[in-house]
Amino acid sequence: MAIFRRSTTPQSNGSSATAAPEPTPEVRDPSGRKPGPTPSRKEAEAARRQRVTQTYSKKESRALASRQNRSERMRAMAARDNTPEKALMRDYVDARFSIGEILLPALVLILATSFLNTIFPRAAVIGTVVMYAYVLAVLADLFFMWRGYKKVLAQRLPGSSTKGLAFYGANRAIQIRRFRIPQPRIKRGEKY
């Protein structure tokens, strides 16, 4: 029993004592120094209130939600694409030229020629034949790309699963190189 010490528990004399909230730990830079002076209680409470009760216009809230969604999508995509098999597939596709890279612009051009039907009656037929021939050439290129990748995968990462990699590689191979996500790490013809 401590006679000359203050009691650490609140006494029940009819008044209710409220405990002060725990102060947040200081954020220090890597060198161990404090970033600045400690804010006063009044300043800290005002900053906390401002964070909690911040209001946005509709335009600002949509922009904020869009940024948060994009960062979340990018984080999920990076986590999904970080397997060694997919990294090898990306490098394998990026190191070679694929005729599928120009598939979308070529199809737009071929379809545009089909509108010349009134001036040149056989334009639609020729455009359709060229389009099917080009799509078959892209499929053949994707088939040979897949066979080559499976050989490289068996050499570099033996016993790895190929589940989902054919579609992943085909999807990357038919995208325009500039718009591929994640961006290509290597140039065409480089060793991967």
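Modeller: Start at Ser98, which is buried, its relative accessible area being 1%. Buried means under 20% relative accessible area, exposed over 50%, and partly exposed in between (1.4 Å probe, protein chains only). This is a predicted model, in which local features need pLDDT of at least 70 and side-chain atom pairs count only at pLDDT 80 or more, while totals for chains, interfaces and linings use all residues. Residues are numbered from 1 along each chain as its sequence is written, and side-chain values use heavy atoms, with hydrogens and water left out.

Colleague: Where is Ser98 found, and with which residues is Ser98 in contact, leaving aside neighbours within four places in sequence?

Modeller: Ser98 sits in the loop between H3 and H4. With those neighbours set aside, Ser98 touches Asp141 and Ala173; contact means heavy atoms within 4.5 Å.

Colleague: How many helices and strands does the protein chain have?

Modeller: Helices (H or I, at least four residues) and strands (E, at least two) are DSSP runs, numbered from the N terminus. The protein chain has six helices and zero strands, so the order of elements from the N terminus reads α-α-α-α-α-α. Of its 192 residues, 21% count as buried. Among contacts between residues at least 6 apart in sequence, 70% join residues at least 24 apart.

Colleague: At what angle do H5 and H6 pack?

Modeller: Two packed helices are described by the angle between their axes and the distance between the axes. Axes are lines fitted to C-alpha atoms, for helices over the stretch in contact, and angles run from 0 to 180 degrees between N-to-C directions. Helix H5 (residues 123-156) and helix H6 (residues 165-173) pack at about 125 degrees, with axes 10 Å apart. The pair is therefore oblique, given that under 35 degrees counts as roughly parallel, over 145 as roughly antiparallel, 65 to 115 as roughly perpendicular and the rest as oblique.

Colleague: Which residues of H5 and H6 meet?

Modeller: Leu142, Met145, Trp146, Tyr149 and Leu153 in H5 meet Leu165, Ala166, Gly169, Ala170 and Ala173 in H6. These divide into nine nonpolar, one polar and no charged. Here Ala, Val, Leu, Ile, Met, Phe, Trp, Tyr, Cys and Pro count as nonpolar, Asp, Glu, Lys and Arg as charged, and the others, Gly among them, as polar.

Colleague: And how do the residues of the contact of H3 with H6 divide?

Modeller: The axes of H3 and H6 come within 10 Å and cross at roughly 35 degrees. From H3, Glu85, Lys86, Met89, Arg90, Val93 and Asp94 meet Leu165, Tyr168, Gly169, Arg172 and Ala173 of H6. That contact has five nonpolar, one polar and five charged residues. In H6, the buried residues are Leu165, Tyr168, Gly169, Ala170, Arg172 and Ala173, and they pack against H3 and H5.

Colleague: Which residues have the most contacts inside the largest nonpolar core?

Modeller: In soluble globular proteins, nonpolar side chains tend to be buried together. A nonpolar core is a set of buried Ala, Val, Leu, Ile, Met, Phe, Trp, Tyr and Cys residues joined through side-chain atoms within 4.5 Å. The largest one has 21 residues, with Met89, Leu142, Met145, Tyr149 and Leu165 making the most contacts inside it. Helix H3 (84-95), helix H4 (103-113), H5 and H6 each supply at least two of its residues; H5 gives the largest share, nine residues. Beyond neighbours within four places in sequence, Tyr149 is in contact with Glu85, Leu88, Met89, Tyr92 and Leu165.

Colleague: Which peptide bond is cis?

Modeller: Most residues other than glycine have a negative phi, and most peptide bonds are trans. The bond from Ile181 to Pro182 is cis, with omega near -10 degrees. Pro182 lies in the segment after H6.
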